[in-house]
Amino acid sequence: MAPRPAMSHSSAFLLRSPSSSSSSAAASAGGGPDADGAAYALLVLNQRLPRFAHLLWDRAQVRVCADGGANRVFDGMPELFPGEDPDEVRRRYKPDVIKGDLDSIRPEVKEYYSNMGTKIVDESHDQDTTDLHKCVTFITENLDIPNKSNLCILALGALGGRFDHEMGNINVLHTFPNNKIILLSDDCLIFLLPRTHTHNIQIERSIEGPHCGLIPIGAPSGTTTTTGLKWNLDNTSMSFGGLISTSNIVKDESVTITSDSDLIWTISLRDHS
Amino acid sequence: MPLPTMAHSSSSFLLLPASSPPPPADASAAYAVVVLNQRLPRFAPLLWDRAQLRVCADGGANRVFDGMPELLPGEDPDQVRMRYKPDVIKGDMDSIRPEVKEYYSNLGAEIVDESHDQDTTDLHKCVSFITRNPPGSEKSNLYILVLGALGGRFDHEMGNINVLYRFSNIRIVLLSDDCSIFLLPKTHSHEIHIERSIEGPHCGLIPMGSPSASTTTTGLRWNLDNTSMSYGGLISTSNIVEEETVRITSDSDLIWTISLRN
């Protein structure tokens with residue numbers, strides 16, 4: 001088999017940026033791409049915001065709410081800044097776009113952001129694709145983002161909640177294997193490791209780990225090999241009904257993974273205090 | 001060759017009250033409840049009352065200790081805790097608070113301390129325990145109802161779902177405030193009785209672990225007809241139950257999920 005190209009992954013976007021005090025000003029102006037050349041789009045779905053939502057918001061160049069995700073930003077951002085005036089916080093954390101059926105967004109929330117210049121993209125209900133799918137399509141096709149070729153989509157509110165929603169969201173990762181899409185919650189993050197590549201994951205130990213896993217969610221893996229984990233796989237088969245790698249532990253600063261099958265990588269997030 | 005039929009009326013355990021006889025299909029049902037380490041869903045007392053065996057996996061005991069009085073706010077917390085006492089607390093004991101362990105130990109709960117085993121999850125250990133010590137009689141239809149297995153850390157959730165695959169001959173239902181899920185083994189064609197007062201309308205069929213070349217359903221708004229399903233292709237999510245009985249036949253193991261009403 002021809003050697004596969006390598007793909008690198010890093011969660012550096014979760015680190016508090018050195019200029020975090022000035023980043024909010026940069027954020028409202030839609031600050032430029034990171035030093036690593038990555039451009040970030042933040043997507044908020046309809047679940048309670050994780051505690052680090054404001055950090056990702058500051059880091060992103062564009063922020064999209066999927067329908068009821070706008071309610072979560074409206075209610076949740078002031079809660080992350082309890083000492084500050086809620087309206088000030090809401091102005092600072094204003095979505096660029098709100099997209100979806102608009103059957104979950106509260107009318108007053110829609111009006112509030114519309115008055116502040118947020119673009120509202122109303123659309124007919126399409127049973128074939130989830131909110132996440134529609135937003136990924138929208139972000140990759142329509143939005144004008146600098147450095148789009150190095151775009152990473154960070155999605156909040158895609159895990160937990162209704163199980164079919166969660167699975168539909170994970171299916172979006174498999175449907176767009178060429179896009180970097182990361183699903184985050186308070187507890188963990190997940191992303192796809194396409195079988196077309198060998199993978200090198202840089203572990204940011206101050207914010208993630210030690211618990212991790214590799215999940216053959218769509219199809220069994222005949223052979224997967226890893227380095228950097230406490231229980232490495234060595235040409236090991238994985239499948240539902242058999243072995244899947246859960247409650248593993250990251251040991252090294254980088255983890256490598258090669259597999260004959262698409263895998264979902266997951267790592268726990270440390271408490272951000 | 002036609003597959004044998006498996007009937008599911010798993011939501012019967014969610015119907016009030018525990019004192020009334022279960023529906024005829026489940027006249028011989030025996031229930032075990034397993035509580036894992038996440039916040040209790042609002043119907044936890046109901047399931048607890050219905051069950052004949054209650055097992056907490058480690059930190060699940062904290063959740064029962066804290067959560068049951070919260071769900072029954074009009075009552076004295078100690079009264080509630082005595083009424084909702086686990087039969088067994090099992091696991092590494094590295095999450096359970098010492099005072100909680102002592103409290104339930106003093107009340108007679110069996111504490112099963114065990115060495116940390118990386119090959120099996122807490123849920124796997126509890127299911128093994130329950131199969132070796134089943135509630136009810138030999139003829140009972142055993143249902144294992146699990147709280148706290150969904151959401152939270154993703155690898156835990158996936159490990160818990162894998163338990164459904166590894167014990168595919170046992171009826172195990174994972175429940176949260178939002179939904180329930182259980183396995184539909186490919187060895188059977190399935191009839192799911194929908195309790196519309198408590199579940200639905202949103203449902204899904206998920207080919208977890210391997211693609212399905214052919215699945216056929218009746219009773220859904222968007223039925224499958226010899227349809228292929230796979231990650232990267234179609235999976236059935238945000239479907240709607242239309243009829244009182246949903247029928248499913250597939251060449252592959254599927255996860256069925258249905259939303260729970262408020």
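This note goes through a predicted model with chains A and B, point by point.

1. Basis of the values. The model is predicted, so local features need pLDDT of at least 70 and side-chain atom pairs count only at pLDDT 80 or more, whereas totals for chains, interfaces and linings use all residues. Residues are numbered from 1 along each chain as its sequence is written, chains are lettered from A and ligands numbered from 1 in the order in which they are written, and side-chain values use heavy atoms, with hydrogens and water left out.

2. Chain A overall. Chain A has seven helices and 15 strands; helices (H or I, at least four residues) and strands (E, at least two) are DSSP runs, numbered from the N terminus. Of its 273 residues, 55% count as buried. Buried means under 20% relative accessible area, exposed over 50%, and partly exposed in between (1.4 Å probe, protein chains only). For contacts in chain A between residues at least 6 apart in sequence, 70% join residues at least 24 apart; a contact means heavy atoms within 4.5 Å.

3. Extent of the interface. Chain B and chain A each bring 39 residues to the contact. The area buried between them is about 2,900 Å², and carbon and sulfur atoms give 64% of that. Buried area here is the accessible area (1.4 Å probe) that two parts lose on being put together, summed over both. On the chain B side, B:Arg153, B:Phe154 and B:Tyr231 lose the most area to chain A, together 24% of what that side buries.

4. Make-up of the chain B side. At least two residues each come from α6 (154-166), β8 (179-184), β10 (199-206), β13 (236-240) and β15 (254-260) of chain B. The largest share is that of α6(B), with ten residues. By class, the side of chain B that touches chain A divides into 16 nonpolar, 18 polar and five charged residues. In this scheme Ala, Val, Leu, Ile, Met, Phe, Trp, Tyr, Cys and Pro are nonpolar, Asp, Glu, Lys and Arg are charged, and the others, Gly among them, are polar.

5. Pairs across the interface. What is the count of salt bridges between chain B and chain A? The count is zero, while seven residue pairs are in polar contact, both residues at pLDDT 80 or more. A salt bridge is a side-chain nitrogen of Lys or Arg within 4 Å of a carboxyl oxygen of Asp or Glu. A polar contact is a pair of N or O atoms within 3.5 Å; within protein, one must be able to donate a hydrogen and the other to accept it, and residues adjacent in sequence count only if both atoms are side-chain atoms.

6. Salt bridges in the structure. The total over all chains is 17. B:Asp177 pairs with B:Arg42, the closest N and O atoms being 2.4 Å apart. B:Asp177 is in the loop between β7 (171-175) and β8 of chain B, and B:Arg42 is in the loop between β2 (29-35) and α1 (44-50), 135 residues apart. B:Asp177 is partly exposed at 31% relative accessibility, and B:Arg42 is partly exposed at 33%. B:Glu191 forms a salt bridge with B:Arg247, with the closest N and O atoms 3.5 Å apart. B:Glu191 lies in strand β9 (residues 189-193) and B:Arg247 in strand β14 (residues 245-250) of chain B, so this pair ties together parts that are 56 residues apart in sequence.

7. Cysteines. The count of disulfides over all chains is zero, a disulfide being a pair of cysteine sulfur atoms within 2.5 Å. The sulfur of A:Cys152 is 15 Å from the closest cysteine sulfur, in A:Cys135, which is too far for a bond. B:Cys56 is in no disulfide either, and the nearest cysteine sulfur, that of B:Cys126, is 8.6 Å away. A:Cys152 is buried at 7% relative accessible area, and B:Cys56 is buried at 0%.

8. A:His199. This residue lies in strand β9 (residues 198-202) of chain A and is buried, with a relative accessible area of 4%. Its side chain makes a polar contact of 2.9 Å with the side chain of A:His9 and reaches the backbone oxygen of A:His197 at 3.3 Å. Beyond its neighbours within four places in sequence, A:His199 has contacts including A:Met7, A:Leu193 and A:Val255.
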